[in-house]
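Good morning, and thank you for coming. Please look at the structure on the screen while I describe a few of its features.

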Amino acid sequence: MALGRGVAGLEAASPVNGDLGRLAELFLGAARPVAFTGAGVSTESGIPDFRSPGGLWDRFDPSEFTYRNFIGSVGGRRKYWDLGRVTYPVIRAARPSAAHVALAELHRLGRLDCCITQNIDDLHQRAGLPADKVIELHGNATRTRCLECGAAYTRDEVHAWLEASDEVPACPRCGGIVKPTTVLFGEAMPAAELREAERRARAADLCVVLGSSLVVYPAAYMPVHAKHAGATLAIVNLEPTPLDAQADLVIRDKAGAVMAAVVEEIRTGTARREPSERPEALERQPAP
């Protein structure tokens, strides 16, 4: 496990007493800590990263899976649902990783304001993080809706339709186009989620990036907003990111291993504190 030095010049020490201990102390000292998660959190659950070598975009042409193609023709929708036959069972079978579980535990301990995620797999919620604490910038693959009448269907329902018939899914109520709530290439980001993510990022006093390369925009602006508004920025990722030089703490390791250790440090640190200093006794400040 390696520690990088950002502009704040944090000193590296031993792995536990240095980088992990420092990250635990940042969580303990923050009033509004926010997590920002990317594909690296979910690859630890067995969900492939689409963009990595050997990923799905090596087998499928991403230019065929645009919003325009999906809306514009039955053939475009058929290609999308053929891809969904491959990807959804993997998502459905996945189980929350150590990082998902750790973030849910941080919330339970009163040490997480919210999680802003680029992921679409619902694993934060399945790990126990309340749905209203998860801001999904790229949508959710486990839900669908009709673009005509707005009827909602679970992805399990739609997948069952696909398994039972070769027909492209259509709304049973009105015959309209049924689309997953995920954001396709060329589709606008969900406006409400984008606004809320930016608000929470600017209100945060700690932003911890977990498993994101920070190259997909506008989602990757969220840690930038947090840093520019005065938050401490920590990045936990296996590979370098464009924001490493601006970060106060950089840890090159898997998000799950780091966050499991950090939660244990937080539990230990909380137990050592006086009762009046424990998280449940702190007056939490809501994001403005």
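Helix α8 passes helix α9 in a right-handed crossing, meaning that the near helix is turned clockwise from the far one by less than a right angle. The model is predicted: local features need pLDDT of at least 70, side-chain atom pairs count only at pLDDT 80 or more, and totals for chains, interfaces and linings use all residues. Residues are numbered from 1 along each chain as its sequence is written, and side-chain values use heavy atoms, with hydrogens and water left out.

Helices (H or I, at least four residues) and strands (E, at least two) are DSSP runs, numbered from the N terminus. The axes of α8 (residues 191-203) and α9 (residues 221-228) come within 7 Å and cross at roughly 35°; axes are lines fitted to C-alpha atoms, for helices over the stretch in contact, and angles run from 0 to 180 degrees between N-to-C directions. Contact means heavy atoms within 4.5 Å, and among the residues making it are Leu-194 of α8 and Met-222 of α9.

I turn now to the sheet. Three strands form an open sheet in the order β6-β5-β7, with antiparallel pairing; two strands pair if DSSP finds at least two bridges between them. Because β6 (152-154) and β7 (178-180) stand at the edges, each with a single partner strand, one side of each lacks a neighbour in the sheet. Strand β5 (residues 143-146) pairs with β6 over 3 bridges, and Thr-144 stands opposite Tyr-153 in β6. Helix α7 (residues 155-164) packs on the sheet and touches β5, β6 and β7.
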